[in-house]
Amino acid sequence: MTQRQRPRVEQPLTPGQRIRQLANLANGTTVLGLALARAARTAVSRGPGGLVIASGYRWRIPFAGAFTVGNVVICRAGKAQLTSNPTLLGHEEKHCTQYAWCLGFPFLPLYFLAAAWSQLRTGNPASANFFERLAGLEAGGYVDISNPRPDPRGAGGIEV
């Protein structure tokens with residue numbers, strides 16, 4: 001005799017999550033994210049917090065494990081792998097909120113300008129990127145090289 005599994009009860013959306021969901025729907029970025037997910041032939045399903053998870057992304061660009069367009073989190077891995085990593089999912093959810101704060105489409109050029117600025121300053125597109133820093137560099141799998149750590153061999157890297 002097998003034990004029946006209880007159906008998973010979804011948490012209701014917070015007022016902030018509902019506002020973000022509606023804002024990104026109204027500003028068109030969630031629709032763009034769904035169109036991109038469909039064009040890339042990903043598996044689309046509901047995620048936590050009003051997010052949409054598009055898993056199995058195979059296109060070469062952008063080269064990232066996960067990225068967001070509106071309230072759509074597009075990832076190379078499966079949904080279960082993404083939702084079992086609350087740190088990364090939380091990072092991507094913050095980007096969804098950034099889309100809403102930027103009124104949708106303006107987020108895209110602003111993000112790319114911030115990435116270019118970071119690339120010029122640090123040699124990588126994330127360390128000095130305002131949006132990545134607000135979403136949490138480490139949570140997104142980035143290393144913060146904008147604040148170099150002291151050389152462990154000496155006093156702050158200074159030879160004595």
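**Reading a predicted chain, step by step**

From the N terminus on, the elements of the protein chain follow the order α-α-β-β-β-β-α-α-α-α, and the model in which they are seen is a predicted one.

Me: What share of the residues is buried, and what share of the accessible surface belongs to carbon and sulfur atoms?

Reply: Of the 160 residues in the protein chain, 35% are buried, while the accessible surface comes to about 10,700 Å², with 61% of that surface belonging to carbon and sulfur atoms.

Me: Which elements supply residues to the largest nonpolar core, and which residues touch the most other members?

Reply: A nonpolar core is made of buried residues joined through side-chain atoms. The largest one here has 16 residues, of which Ile-74, Phe-107 and Phe-131 touch the most other members. At least two residues of this core come from each of strand E2 (52-55), strand E3 (66-69), strand E4 (72-75) and helix H5 (107-122), and H5 gives the largest share, with 4 residues. Apart from this core lies another, of 8 residues, which includes Ala-66, Val-73, Leu-82 and Cys-96.

Me: Which residues does Phe-107 touch, leaving out those up to four places away in sequence?

Reply: With those neighbours left out, Phe-107 touches His-95, Gln-98, Tyr-99, Cys-102 and Phe-131. Some of these contacts belong to the meeting of two helices, where His-95, Gln-98 and Tyr-99 in H4 meet Phe-107, Leu-108 and Tyr-111 in H5.

Me: At what angle do H4 and H5 pack, and how far apart are their axes?

Reply: Helix H4 (residues 86-101) and H5 pack at an angle of about 120°, and their axes lie 9 Å apart. Because of that angle, H4 counts as oblique to H5.

Me: How many disulfides are counted?

Reply: A disulfide is a covalent bond between the sulfur atoms of two cysteines. In this predicted model the count comes to 0 disulfides.

Me: What part of the contacts joins residues 24 or more positions apart?

Reply: Among contacts in the protein chain with a separation of 6 or more, 44% are between residues 24 or more positions apart.

Key: Residues are numbered from 1 along each chain as its sequence is written. This is a predicted model: local features need pLDDT of at least 70, side-chain atom pairs count only at pLDDT 80 or more; totals for chains, interfaces and linings use all residues. Side-chain values use heavy atoms; hydrogens and water are left out. A nonpolar core is a set of buried Ala, Val, Leu, Ile, Met, Phe, Trp, Tyr and Cys residues joined through side-chain atoms within 4.5 Å. Buried means under 20% relative accessible area, exposed over 50%, partly exposed in between (1.4 Å probe, protein chains only). Contact means heavy atoms within 4.5 Å. A disulfide is a pair of cysteine sulfur atoms within 2.5 Å. Accessible areas come from the Shrake-Rupley method with a 1.4 Å probe; for residues, only the protein chains shown count as cover. Axes are lines fitted to C-alpha atoms, for helices over the stretch in contact, and angles run from 0 to 180 degrees between N-to-C directions. Angles under 35 degrees count as roughly parallel, over 145 as roughly antiparallel, 65 to 115 as roughly perpendicular and the rest as oblique.
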